[in-house]
Amino acid sequence: MTDQAHDNRADTGDGLPPPGPRVRAEKIRCDACPVMCYIAEGKAGACDRYANEGGRIVRCDPITILDRRIAAGDEVRPFLNQDWDGGLIADRDLFVTAVGAGTTYPDYKPAPFIVSREIEGVDFVTVVTEAIYSYCGVKVKIDTDRHLGAEGSVVRAEGEAVGLVITSEYGSQMLSLGGVDHLTGGSKAEGRVTCDTLMNLCNREAVELSIDGGATVVVQAGRAPVVDGKQEERMRVGCGSATIGMFAVQWQGLVDEVVVVDDHITGVVSEHQAGKVLDWPDTGIRIKGRRSTPGRYFQVANPGLGWGGTDIADPLTILGDWRPEKGARPGLSLLMVSTTGEHAAYYELDDDLKPVEKPFPERLRPSVELIGENCEPALCTVMFTGGAGGSLRAGVTKNPVRLTRSVHGLKTRVTCGGAPAWVWPGGGITLMVDVTRMPANSFGYVPTPALVAPLEFTLRREDYRALGGHDAAVRSLADILAKGGEYGGELRAVAPVAPLPPEEER
Amino acid sequence: MGAAARLLPDGQRLHLQHGPIDLILWADPAARAGAYARAEARFATVLEELVAELADLRRPDPPPLKGAVARRMQRAVAPFAPVFITPMAAVAGAVADEILAAMAAEPGLVKAHANNGGDVAFHLAPGECVTAAMAGGQVTISADAPWRGVATSGWRGRSHSLGIADAVTVVAASAAAADAAATLIANAVDLPGHPAISRRPATELAPDSDLGERPVTVAVGPLTDEEANAALDRGAAAAAAMRARGLIGAACLSLNDRTRLVGSEALAEPEPSHA
């Protein structure tokens with residue numbers, strides 16, 4: 001097999017990762033706790049929590065058991081299959097994840113663990129393996145209206161292209177990163193940086209991304225995005241028009257006109273349908289954008305990091321001349337506010353019908369605070385997306401397509417580190433999973449480069465036999481907990497964040 | 001990171017963690033709050049105290065030690081001289097004993113246990129009893145018996161072993177004593193020179209191991225029934241000798257799905273295994 005054939009393999013797990021360059025054996029001190037273990041290359045310290053990997057102290061993950069009796073965020077090592085003074089722990093309370101399970105290559109061998117568990121009198125099997133994903137990436141949702149970059153713009157990490165800006169969602173900017181073209185289709189540096197970026201994002205670490213012609217954003221799963229050095233606090237309550245719709249009644253009688261400044265749809269209460277049904281009088285206001293429907297304006301400014309995701313620093317720049325024949329008069333009051341309530345200003349028209357900024361009146365403060373209160377905290381969401389429909393299926397069954405059919409037939413539940421995975425309809429096993437629901441540090445990599453992520457298939461034992469599963473390799477939960485596997489028997493227990501398969505989320 | 005204490009979601013057990021130490025405590029509800037407060041206060045400095053004397057604790061011939069846990073370790077291994085053993089063989093059990101002793105100072109405590117990664121110390125007021133699950137089944141220990149500790153050792157576990165036992169579980173007067181004895185019995189379950197057993201110098205795996213260059217087991221290939229029995233015989237003989245000296249109450253040795261019990265008549269009869 002040539003190198004090229006190796007790198008261009010067409011399926012998950014089809015390529016044995018080439019052994020990494022031999023690293024000089026080095027012993028180093030770990031300073032994670034007062035014991036200060038001296039750790040040899042490739043070994044773990046006394047705690048089994050930290051190891052020496054290539055001369056660097058890293059967190060290490062032994063086989064991870066989800067235990068329903070453990071508190072969120074807590075971790076117990078070593079894990080014991082027996083409860084003191086209470087006998088064995090029930091099968092339904094425990095789930096062996098693929099985190100730390102290792103992989104089998106080539107995959108005609110049964111997966112590292114095929115676990116039987118009895119749940120309420122029914123025999124279930126969970127096939128547990130760490131999958132090598134040549135085809136994978138992340139979809140990133142960034143809750144912000146700030147302009148991060150034009151659709152289709154290249155997203156870079158350390159200067160290398162790792163993905164692109166895709167179509168935005170309501171209140172969120174979207175990125176699609178990784179994929180086989182960036183991992184193996186470009187230069188070596190591009191592949192390495194892409195792999196690092198994906199792994200760090202999936203392991204919930206902060207990653208700085210820069211968008212061509214746009215912003216620099218620090219993304220960390222489950223945390224607020226940091227756009228050009230400024231941490232985003234709130235996600236907008238809705239578009240400008242929706243904000244008018246939600247809060248028009250709060251402003252009635254307190255102010256003559258309200259403009260909600262928004263990059264997508266700027267709303268004007270006196271013209272908006274919501275104002276009309278309240279018999280809101282005309283004010284003679286004029287907005288410079290492109291009118292969509294009454295009281296709703298597109299493109300009032302350029303996208304940017306100012307008011308409501310526009311480039312506006314002074315909101316008056318979006319207003320034209322006021323028309324007295326339509327109701328403009330000296331003393332008319334005007335509130336301008338952004339879709340997050342983060343920006344707000346109050347004006348009154350002078351004798352020349354020019355708006356003049358006045359101290360912000362107390363009577364309007366509750367309405368602005370109400371907008372803020374109704375905003376959700378801005379977060380980054382990282383969805384790992386990968387294709388598990390390749391050769392790893394042979395570690396599950398001798399007849400791989402039957403696994404695919406069983407997954408699509410909803411007879412086989414797919415989880416990643418115990419977190420429920422959503423499987424795309426259509427061919428293959430293309431899955432998406434929220435990385436914040438998986439155990440910490442679930443992801444690794446091989447130098448191919450490709451990501452390594454945990455994968456479990458759970459189904460009834462009878463269905464497993466029917467699809468040609470490796471029934472002879474099935475082991476009891478107790479046996480696995482007692483003896484571990486080919487790669488060792490170190491176990492840790494953490495709390496699950498979702499119901500343990502075969503139970504399903506409602 | 002410092003010592004951490006957290007109540008587990010069952011609202012009953014307390015999890016203490018610091019560096020390599022993970023302890024799960026349970027105390028009867030009547031005295032629980034006070035017992036846990038005492039345990040947490042004592043636990044706060046245990047690791048630092050051990051680290052202060054770590055170099056001596058790793059020696060087979062340490063000078064007199066100062067820390068309370070260190071002294072428990074030294075006392076636990078002393079009866080086994082001149083066989084090679086360092087106080088570190090009893091570290092997990094000694095920590096369990098120390099934390100249990102802190103809990104037991106709580107007035108009115110009827111029953112409690114401190115489980116340090118499988119090495120367990122327990123407190124029983126008169127008339128109480130406790131049940132331990134082990135590879136060979138379950139044993140029940142009543143307050144009348146002198147045993148207050150259970151510990152398990154084997155090459156698959158977290159500490160390195162010179163032998164090939166999958167697990168040796170020992171019941172003794174304290175968790176530290178059980179820990180030291182289990183270590184030595186597990187070392188004795190062995191087939192010296194057998195080609196199916198891979199060994200590596202301990203320091204290659206853990207540079208500051210108290211075992212130095214001694215070869216520790218890293219893999220055990222297929223063994224015949226006769227070989228497994230022969231290895232267990234050696235371990236059972238070591239256990240019987242310890243029991244004759246009153247150092248342990250009972251031991252359960254397991255290798256390749258076989259188990260051997262020593263001194264089980266001293267305890268309740270174990271139930272058959274379902275494994």
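**Close-up views of chain B**

**Figure 1. Helix α6(B) passes helix α8(B) in a right-handed crossing.** The model shown here and in the other views is predicted. Residues 175-188 of chain B form α6, and residues 225-244 form α8. The axes of the two helices come within 7 Å and cross at roughly 145°. On the α6(B) side the contact is made by B:Ala181, B:Leu184, B:Ile185 and B:Ala188. From α8(B) come B:Arg234, B:Gly235, B:Ala238, B:Ala239 and B:Met242. By class, the residues of this contact divide into seven nonpolar, one polar and one charged.

**Figure 2. Helix α1(B) passes helix α5(B) in a right-handed crossing.** In chain B, α1 covers residues 32-43 and α5 covers residues 91-104. Their axes come within 7 Å and cross at roughly 140°. Helix α1(B) contributes B:Ala35, B:Arg38, B:Ala39, B:Arg42 and B:Phe43 to the contact. Helix α5(B) contributes B:Glu98, B:Ile99, B:Ala102 and B:Met103. Six residues of this contact are nonpolar and three are charged, with no polar residue among them.

**Figure 3. The side of chain B that touches chain A.** Here 32 residues of chain B are in contact with 30 residues of chain A. Strands that give two or more residues to this side of chain B are β2 (14-18), β3 (21-27), β4 (111-116) and β6 (129-134). Helices α2 (46-52) and α7 (202-205) of chain B also give two or more residues each. The side of chain B that touches chain A has 15 nonpolar, nine polar and eight charged residues.

**Figure 4. The fold of chain B, with eight helices and 13 strands.** The C-alpha trace of chain B spans about 55 × 40 × 35 Å along its principal axes. A compact globule of 275 residues would have a radius of gyration near 19 Å, and the 18 Å of chain B agrees with this. Of the 275 residues of chain B, 55% count as buried. Among contacts in chain B between residues at least 6 apart in sequence, 58% join residues at least 24 apart.

Terms used:
Residues numbered from 1 in each chain as written. Chains lettered and ligands numbered in written order. Predicted model: local features only at pLDDT ≥ 70, side-chain atom pairs only at ≥ 80, totals over all residues. Helix = DSSP H or I, 4+ residues; strand = E, 2+ residues; numbered from the N terminus. Rg over C-alpha atoms; globule rule 2.2 N^0.38 Å. Buried ≥ 20, exposed ≤ 12 C-beta atoms within 10 Å, placed from the backbone. Contact = placed C-beta atoms within 7 Å. Nonpolar A, V, L, I, M, F, W, Y, C, P; charged D, E, K, R; others polar. Axes fitted to C-alpha atoms, helices over the stretch in contact; angles between N-to-C directions. Left-handed = near helix turned anticlockwise from the far one by under 90°.
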